[in-house]
Amino acid sequence: MYKVIGHPQSRVMRVMWTLEELDQDYTLEPALPQSEGIRAVNPSGKIPALIVDDTILTDSIAICTYLADKHGQLTYPAGTLERARQDSFTQFAVDELEGALWTAAKNSFIHPKDVRVKEIKPVCQMEFAQGLNTLEQRLGNGPYLMGDTFTIPDIIIGHCTNWAMVAKFDLPKEGPLADYFRRLRARPSYQKVMTKLKEVA
């Protein structure tokens, strides 16, 4: 059984969602960033962490990719053109969407007050909106990023939309992207994670 460390109202949600999609058993040890619980396994104090056979894995993208590769789901085989396209979507999500959200968060409540740049948030919102425009152009006709196949970057983008709602970044209310986001939230595994999140909150 896998052990997930971190609070689910964070990138931990991605790991939980991946495990739910894979139908894998896991335990959750809630721990806030920089808390003793996470620093015991990750000196950076960042969440999430995954414990696998006494081995500690960190970074949500690395963890989700490992789990997908290990269980042969949510991913295409390494070395294929499909995997390259999939990884391109993952990198896009991290750079263009998460990057804007993370920069805004760091300058809103994470960094010490004396070094925060409050004026950066409108820039981040603009960059996020530009990322959404690009995503809509790349989405294609399939229900998911890779057509009919639900993969890791769908999870990353689904998490980013949740983050955006909390951070009050604009999301489309109608159109192809809005429909895509609704499909992500309608997945049973997503609903299970949201239920667990409410139990921990």
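A residue is called buried under 20% relative accessible area, exposed over 50%, and partly exposed in between, with a 1.4 Å probe and protein chains only. The model is predicted: local features need pLDDT of at least 70, side-chain atom pairs count only at pLDDT 80 or more, and totals for chains, interfaces and linings use all residues. Residues are numbered from 1 along each chain as its sequence is written, and side-chain values use heavy atoms, with hydrogens and water left out.

**Exercise 1. Determine how many aromatic pairs there are, and characterise the pair of Phe-128 and Phe-169.**

Step 1. Rings of Phe, Tyr and Trp (its six-membered ring) pair if their centres lie within 6.5 Å; planes under 30 degrees apart are stacked, those over 60 edge-to-face, and the rest tilted. This rule gives six aromatic pairs.

Step 2. Phe-128 and Phe-169 pair edge-to-face, with 5.4 Å from centre to centre and 90 degrees between the planes.

Step 3. Helices (H or I, at least four residues) and strands (E, at least two) are DSSP runs, numbered from the N terminus. Phe-128 belongs to helix H5 (residues 120-138) and Phe-169 to the loop between helix H6 (152-167) and helix H7 (176-186), so the pair ties together parts 41 residues apart in sequence.

Step 4. Phe-128 and Phe-169 are both buried.

**Exercise 2. Describe the ring pair of Tyr-144 and Phe-150 and the charge placed over Phe-150.**

Step 1. The pair of Tyr-144 and Phe-150 is edge-to-face, at 5.2 Å centre to centre and 80 degrees between the planes. Both residues are buried.

Step 2. Ring pairs join Tyr-144 and Phe-150 with Trp-17 and Tyr-190 in a cluster.

Step 3. A charge sits over a ring if NZ of Lys or CZ of Arg is within 6 Å of the ring centre and within 35 degrees of the ring normal. Arg-187 lies over the face of Phe-150, 3.7 Å from the ring centre. The charged end of Arg-138 is likewise placed over the ring of Phe-89, 4.2 Å from its centre.

**Exercise 3. Which residues of H5 are buried, and what covers them?**

Step 1. The buried residues of H5 are Cys-124, Phe-128, Gly-131, Leu-132 and Leu-135.

Step 2. Viewed down the axis of H5, these residues fall within an arc of 105 degrees (taken from the directions from the helix axis to the C-beta atoms), so they line one face of the helix.

Step 3. The face turned away from the buried side of H5 carries the exposed residues Pro-122 and Gln-137.

Step 4. The cover over the buried residues of H5 includes helix H4 (81-110), H6 and H7.

Terms used:
Contact means heavy atoms within 4.5 Å.
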